[in-house]
Amino acid sequence: MLIDQTLEEVEQVILLDEACSRVGVAPKSSVHHADTPLHLAFSCHVTDPAGRVLVTRRALSKATWPGVWSNACCGHPGPGEQVGDAVTRRARDELGIAVEAVTLVLPTFRYRAVDDSGVVENEVCPVYTARTRDQPDPDPTEVMAHRWVRPGDLAASIALTPWAFSPWLVSQAAELPLLAATRRTGAPGPTDGEAR
């Protein structure tokens, strides 16, 4: 059965040129393929009051990197939407949480990666951190599992088994103060019981 969608219902992504200037929009469903054009995205790393960081395992139905562990959430701001507002929206829609203290930490992060299926990610992807007091209730079409972990444990896991994580998380971990500092110093994160 075909469902008609208005232009407002079709998720749009913002296309960029090599100078990272906005040059147009396209339906999200049409941009991820073997020759994905450069476009605007974001990543967000979420912590809880105990200082643990949320990691999520991508649903097996995801077109790229199904089943791998990644940061709390990622997404694409829509045309006319502030990136920070898109972070808040995506945390609510994908994870079922409200976030606060949304902070831009890596404004110029950019990456290109090729999934085993041949689909390319090609994004300018500003990286944010945020906090929540909520327990996630993820959308199962996006997230198949989640855990709260100490930052030092996550940094150590990424260093030992980078193939088990999304390529953007692996690249971000080297620059992200939340993870880079714990890896450099070996300092443990807060301890308040097992990850849930």
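Guide: Of the 196 residues of this chain, 47% count as buried, where buried means under 20% relative accessible area, exposed over 50% and partly exposed in between, with a 1.4 Å probe and protein chains only. This is a predicted model, in which local features need pLDDT of at least 70 and side-chain atom pairs pLDDT 80 or more, whereas totals for chains, interfaces and linings use all residues. Residues are numbered from 1 along each chain as its sequence is written, and side-chain values use heavy atoms, with hydrogens and water left out.

Visitor: How many disulfides does the chain have?

Guide: A disulfide is taken here as a pair of cysteine sulfur atoms within 2.5 Å. For cysteine 73, which is buried with a relative accessible area of 1%, the nearest cysteine sulfur, that of cysteine 44, is 4.9 Å away. The sulfur of cysteine 74 lies 5.8 Å from the closest cysteine sulfur, in cysteine 125, and is therefore too far for a bond. By this rule the count is zero.

Visitor: Which side chain of opposite charge is nearest to glutamate 123?

Guide: Glutamate 123 belongs to strand β10, residues 120-124, strands being DSSP runs of E with at least two residues, numbered from the N terminus. Its side chain makes polar contacts (N or O atoms within 3.5 Å, one able to donate a hydrogen and the other to accept it) with the side chains of histidine 39 at 3.1 Å and histidine 76 at 3.2 Å. Glutamate 123 is buried without a salt bridge, a term that requires a side-chain nitrogen of Lys or Arg within 4 Å of a carboxyl oxygen of Asp or Glu. The nearest side chain of opposite charge, 8.2 Å away, is lysine 28.

Methods: Helix = DSSP H or I, 4+ residues; strand = E, 2+ residues; numbered from the N terminus. Lys, Arg positive; Asp, Glu negative; His and termini not counted.
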